Amino acid sequence: MNSLLLIGIFIISLVSIFLLIHYSKKLELVDIPNERSMHKKVTPRGAGIAFVLSIFIAVLLFDFEHFKTYYYIYLAIAIVFISGAWDDLKNISPRIKFLFIFLSSLLLYVNDFAIYSLGTYLGFEAVLPVWLVFPFTFFAIAGYTNALNLMDGLDGLAASIAIIIFVTFLAIGIEYGDELLISLSSFFTVTLLAFLLFNWNPAKIFMGDSGSLSLGMVIAILSIHAIEYIPPASVLFVIAMPILDTFIVMTRRIQRHISPFKADKNHMHHFLFNVKGDVRYTVIILVFMQMVFSIIGYQLDPSNEFLSLILFMILFYLYLNLFDQRLKRRKSYDKNETHTIEDSK
């Protein structure tokens, strides 16, 4: 890995994010708080435009051969990045963003980059039928791309969790000598470190959809590629927190008979923030959880995929009951009921 390239990415990211903050009002790249926002003041957004473009600029200038080798990977990332940047600038509909993710997934599929197997369980490999390979790959990519987007709710949260995931994939890439895992993971780790200097609480700028969708797409790509070396069940642990958060929130919405796609404030970070009221504390706890999951995924025995999958399902059940906003309301209701009974005496 060219250290000068990494230094170049870091410097370009720093300078471009600083300039974006300075000109955010002229570019109309500002986030105005609403009823679902965790911040209280108007804040620049769209930092993803700066830190993702920094990678493309640095790679094109200093490592064009690498770009040519994996041109379809970078083009797929660029397609999703464009949709996110467009949304930051003009607020496009979710359908248009899904269309861009579909085109990106299709580009990967025609270049033989897809999910063909779900792993081996009890001695039987779960190979996907040919007709199901692309739909499942698209579902996985679109699902995770949006899952990370949903995690972007507190200063530094999405970037910090993404860094933990990238570092894990970097370790896998180094262990198996895989150039794509090493390069993409290191590029995005470096650019996110630069971004965190501006995004750590109190944030001076938000990444916007240009950042969160691009990061989700890159992690989805690395996850698919990492299946060559580690089982799919292990990958679930490596990228666990956004998956668990999305599954839990959607399950809660279905239980309440509302659309699973309706936005609310019932994510893990909302729950923890309501408990402590401290942004940095909440982010550190969730990042530590992701770190533990990533270490588990990296260390899991490939011969016990079935047990690994069962373990992940148990964790989902535990988290489903642990991060339940209704617990607070139930305690409050029980307390009020007790006071009512005592008053009636």
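Is Val190 buried or exposed? Select Val190 and find out. Val190 is buried, because its relative accessible area is 14% (buried means under 20% relative accessible area, exposed over 50%, partly exposed in between, with a 1.4 Å probe and protein chains only).

Before going on, some ground rules. This is a predicted model, where local features need pLDDT of at least 70 and side-chain atom pairs count only at pLDDT 80 or more, while totals for chains, interfaces and linings use all residues. Residues are numbered from 1 along each chain as its sequence is written, and side-chain values use heavy atoms, with hydrogens and water left out.

**Stop 1: the whole chain**

The chain holds 15 helices and four strands (helices, H or I of at least four residues, and strands, E of at least two, are DSSP runs numbered from the N terminus). Of the 345 residues in the chain, 52% are buried. Now think about contacts (heavy atoms within 4.5 Å). Among contacts with a separation of 6 or more, 75% are between residues 24 or more positions apart.

**Stop 2: Val190**

Go back to Val190, which lies in helix 8. Val190 and Phe10 are 180 residues apart in sequence, yet 5.8 Å apart in space, C-alpha to C-alpha. Val190 touches Leu6, Ile9 and Phe10, with residues up to four places away in sequence not counted.

**Stop 3: helix 4**

Select residues 71–90. Why does the span of helix 4 agree with its length? At 1.5 Å a residue, its 20 residues should span 28 Å, and its end C-alpha atoms are 28 Å apart (the expected span is 1.5 Å times one less than the number of residues). Helix 4 is mostly covered, with 14 of its 20 residues buried. Step past the end to Asn91. Asn91 follows helix 4 and has a positive phi, near 55°.

**Stop 4**

Two packed helices are described by the angle between their axes and the distance between the axes.

Show the side chains. On helix 4, the contact includes Ile73, Ile77, Val80 and Phe81. On helix 9, residues in the contact include Leu213, Met217, Val218 and Ile221. By class, this contact of helix 4 with helix 9 has ten nonpolar, five polar and three charged residues (Ala, Val, Leu, Ile, Met, Phe, Trp, Tyr, Cys and Pro count as nonpolar, Asp, Glu, Lys and Arg as charged, and the others, Gly among them, as polar).

**Stop 5: helix 7**

Select residues 157–176. Helix 7 has 20 residues and reaches 29 Å from its first C-alpha to its last, close to the 28 Å expected at 1.5 Å a residue. Helix 7 is mostly covered, with 14 of its 20 residues buried. Just after helix 7 comes Gly177, with a positive phi of about 65°.

Now pick Ser160, inside helix 7. Ser160 counts as buried because its relative accessibility is 9%. Its neighbours within four places in sequence aside, Ser160 contacts Leu196, Trp200, Val283 and Val287.

**Stop 6: helix 7 against helix 13**

Residues in the contact include Ser160, Ile164 and Thr168 of helix 7 and Val283, Val287 and Tyr298 of helix 13. By class, the contact of helix 7 with helix 13 has eleven nonpolar, four polar and one charged residues.

**Stop 7: backbone exceptions**

Most residues other than glycine have a negative phi, and most peptide bonds are trans. Select Glu28, in the loop between helix 1 (3–23) and strand 1 (30–31). Glu28 has a positive phi, near 60°. Glu28 counts as exposed, at 57% relative accessibility.

Move to Asp112, in the loop between helix 5 (94–110) and strand 3 (117–121). Asp112 has a positive phi near 65°.

Finish at Pro202, in the loop between helix 8 (179–199) and helix 9. A cis peptide bond joins Asn201 and Pro202, with omega about 0°.
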